[in-house]
Amino acid sequence: MDIKDQVTKMDSVVLTGAVVDAVKQFFADDASTSDHGQGGTTTGKAEMVAKMEGFTGAIAAVNGITLHHSIVEGNVSASEFTFDFDMKDGSKIYWHEIIRRIWNDEGKVIQEEYFNAE
């Protein structure tokens with residue numbers, strides 16, 4: 001499986017704001033995640049889908065999603081994004097992060113970590 005191609009495809013889906021679809025399409029069933037900026041982890045694709053459904057359901061408006069760079073080395077990738085959202089509770093979310101992913105031989109994410117890029 002061409003990991004560079006998978007990274008490009010997944011990042012393209014994230015750019016549209018369809019992060020739930022990205023998880024459903026590109027995560028292995030046993031994938032885990034950890035957020036080094038906010039804390040929290042998920043174990044398994046279903047848990048990550050539920051987390052992202054809750055988060056995206058709280059978004060009132062997507063003001064912008066920018067992909068700055070992606071790099072791939074072997075089965076590890078890193079994608080740098082900036083997200084700008086208005087939330088339904090009136091708050092605003094603007095964050096710059098690096099998403100590090102480890103991919104399996106089938107082209108599915110088995111581990112995803114988030115790092116604050118500020």
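**View 1. The largest nonpolar core of the predicted model.** Met-10, Phe-27 and Trp-103 touch the most other members of this 25-residue core. A nonpolar core is a set of buried Ala, Val, Leu, Ile, Met, Phe, Trp, Tyr and Cys residues joined through side-chain atoms within 4.5 Å. Buried means under 20% relative accessible area, exposed over 50%, partly exposed in between (1.4 Å probe, protein chains only). Two or more core residues come from each of α1 (3-15), α2 (19-26), β1 (27-35), α3 (45-57), β3 (59-73), β4 (76-87), β5 (92-103) and β6 (109-116). Helices (H or I, at least four residues) and strands (E, at least two) are DSSP runs, numbered from the N terminus. The model is predicted: local features need pLDDT of at least 70, side-chain atom pairs count only at pLDDT 80 or more, and totals for chains, interfaces and linings use all residues. Residues are numbered from 1 along each chain as its sequence is written, and side-chain values use heavy atoms, with hydrogens and water left out.

**View 2. Contacts of Phe-27.** Leaving aside residues up to four places away in sequence, Phe-27 touches Met-10, Ala-22, Thr-33, Lys-45, Met-48, Lys-108, Val-109 and Glu-112. Contact means heavy atoms within 4.5 Å.

View 3. Val-19, Val-20, Ala-22, Val-23 and Phe-26 are buried in α2. The arc is that of the directions from the helix axis to the C-beta atoms. These buried residues pack against α1, β1, α3, β5 and β6. α2 lies across β1, β5 and β6, at about 130° to β1. Axes are lines fitted to C-alpha atoms, for helices over the stretch in contact, and angles run from 0 to 180 degrees between N-to-C directions.

**View 4. The buried face of α3.** Lys-45, Met-48, Val-49 and Met-52 are the buried residues of α3. Seen down the helix axis, they fall within an arc of 100°, so they line one face of α3. Their cover includes α2, β1, β2 (41-43) and β6. α3 lies across β1, β2, β3, β4, β5 and β6, running at about 55° to β1.

**View 5. The open sheet of 6 strands.** The strand order is β2-β1-β6-β5-β4-β3, with mixed pairing. Two strands pair if DSSP finds at least two bridges between them. β2 and β3 stand at the edges with a single partner strand each, so one side of each lacks a neighbour in the sheet. Twist averages 20° from one strand to the next. β4 and β5 run antiparallel, joined by 11 bridges. Asp-84 stands opposite Tyr-94 in β5.
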